[in-house]
Amino acid sequence: MLKDYKWPGVYKPFSHQKTTSEFLSINHRGFCFNEAGTGKTSSAIWAADYLMLQGLVKRVLVICPLSIMYSAWQADIFNTTMHRTVGIAHGSADKRERIINEKYDFIIINYDGVGIVRETIAKNNFDLIIVDEANAYKSPSTARWKTLAKLLKPETKLWMMTGTPAAQSPVDAFGLAKLVTPENVPKWTPKKIAKDLVYKALQPAIRFAKNDCLDLPEVMYQTREVPLTPQVQKYYKSLKEQMLIKAAGETISSVNAAAALNKLLQISGGAVYTDTREVVEFDIRPRLSALDEVLEETEQKVIIFVPFLHTIKVVAKHLISKNISCEVINGSVTATERARIINAFQTFDDPHVLVIQPQSASHGVTLTAANVVVFWSPVMSVETYLQCIARIDRYGQKHKMTVVHLQGSEVERKMYAMLQGKVDLHSKLVDLYNEEIGL
């Protein structure tokens, strides 16, 4: 199939993407286990578009993490099949229902949103359901799993995608397989599943690792949109109002602009210093959830760059609560201790994650045991940004690399765009400040 398909859109597929699209198009239900960063989103979109052209699919429901609804799925649909319509079913229940009923070709919804509008989804009879980062459905005992299972009819096509199937335990395969190919799954949950049994359960499937994709760029970039909670939005808006009052009739220096923007970044990232040097922590569960999603989809080690000391503690505490081995490198870590941490990271299984303050390890350090860099928040310097990435992009790296930006506020979006465009932030701080407060 797809032999005569005219691959539409701005982005043309790599060879592994064509193969993945062909696999999906010929399988009523199946798994795509391509590693993160290999373009499986676009592969699924092209396959769905082909089936639409053949009259085999009318509408597609995409279920994915909140953080990639816009930046990955909506953006890829626009770029790969721009002739297709797409609706984001997010917000109040009424808004979600209205979007679903408007008959877009593709409807994108987050995991927990499915339960909110389950009846509306059922009435719209989606021919194809695509579940991205499908490990969210590994447990049949959850309400999330049961909701999806009720939506599936024998004629419903289902493609489940994850780069790390059964990442925590072979038992994880049970829930995924029971949705896609229940006939391959025993009627009980085995206490210990052999590899050949897992392999049989998770079929039909396709997998490409990044290293198998010779035509991919060495470093790939992705953005995860992280909504600000109402609490964070309140403080963010309040600070912007204070900045506007302070700027009235005054000339703002680059030093003052940098300090004000830093405060906005601190609030966006989850914790801020008060004038008395007390730390106020905010509700940042969406950002922590997005980080969890990145870690679950990553097979190699990971580096998380966190600019602010108080936020480093929040991130490290969260990782520990998830039983993820981690170490912290910041300005207070001695040279001897830093050398021990780096050697352990490069040599042994643990730690799996390093949480680093960018200025403490952005130069002269080799961390090629990782192939993923996560920026918790943007840094204030292009040089620092490039040097952070260079920790993994150097001699000794054996894998394709991914750089992930977590962003939720407008100042973060603007700063990441400037960093990727290699725009000198120091010369643009006042302009950025004025843009942010609306001057």
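## Strand β5 and its partners

Four bridges join strand β2 (residues 60–64) to β5, and the two run parallel. Helices (H or I, at least four residues) and strands (E, at least two) are DSSP runs, numbered from the N terminus. Two strands pair if DSSP finds at least two bridges between them. The model is predicted: local features need pLDDT of at least 70, side-chain atom pairs count only at pLDDT 80 or more, and totals for chains, interfaces and linings use all residues. Residues are numbered from 1 along each chain as its sequence is written, and side-chain values use heavy atoms, with hydrogens and water left out.

Leu-61 stands opposite Ile-129 in β5. Five bridges join β5 to strand β6 (residues 157–161), again in parallel. There, the bridge partner of Ile-129 is Leu-158 in β6.

Is β5 buried or exposed? Five of the five residues of β5 (residues 128–132) are buried, so the strand is largely enclosed by the rest of the structure. Buried means under 20% relative accessible area, exposed over 50%, and partly exposed in between (1.4 Å probe, protein chains only). Both faces of β5 are covered. Leu-128, Ile-130 and Asp-132 lie on one side, and Ile-129 and Val-131 on the other.

## The seven-strand sheet

β5 belongs to an open sheet of seven strands. The order is β3-β4-β2-β5-β6-β1-β7, with parallel pairing. The edge strands are β3 (86–88) and β7 (205–206), and each pairs on one side only.

Helix α2 packs on this sheet. It touches β1 (29–32), β2, β4 (106–110), β5 and β6, and its direction makes about 170° with that of β6. Contact means heavy atoms within 4.5 Å. Axes are lines fitted to C-alpha atoms, for helices over the stretch in contact, and angles run from 0 to 180 degrees between N-to-C directions. Helix α8 (residues 172–180) lies across β1 and β6, running at about 145° to β1.

## Where α2 meets α3

The axes of α2 (residues 40–53) and helix α3 (residues 69–80) come within 10 Å and cross at roughly 55°. That makes α2 oblique to α3. Angles under 35 degrees count as roughly parallel, over 145 as roughly antiparallel, 65 to 115 as roughly perpendicular and the rest as oblique.

Which residues of α2 meet α3? They are Thr-41, Ser-42, Ala-44, Ile-45 and Trp-46. Their partners in α3 are Ala-72, Trp-73, Asp-76, Ile-77 and Thr-80. The contact residues divide into six nonpolar, three polar and one charged. Ala, Val, Leu, Ile, Met, Phe, Trp, Tyr, Cys and Pro count as nonpolar, Asp, Glu, Lys and Arg as charged, and the others, Gly among them, as polar.

## The six-strand sheet

Six strands form another open sheet, in the order β8-β15-β14-β11-β13-β12, with parallel pairing. β8 (219–225) and β12 (326–329) stand at the edges, each with a single partner strand, so one side of each is left without a neighbour in the sheet. The twist averages 20° from one strand to the next.

Strand β14 (residues 370–375) and strand β15 (residues 401–407) pair over four bridges. Val-373 has Val-403 in β15 as its bridge partner. Helix α12 (residues 285–296) packs on the sheet, and its direction makes about 170° with that of β15. Helix α16 (residues 410–420) lies across β8, β14 and β15, at about 150° to β15.
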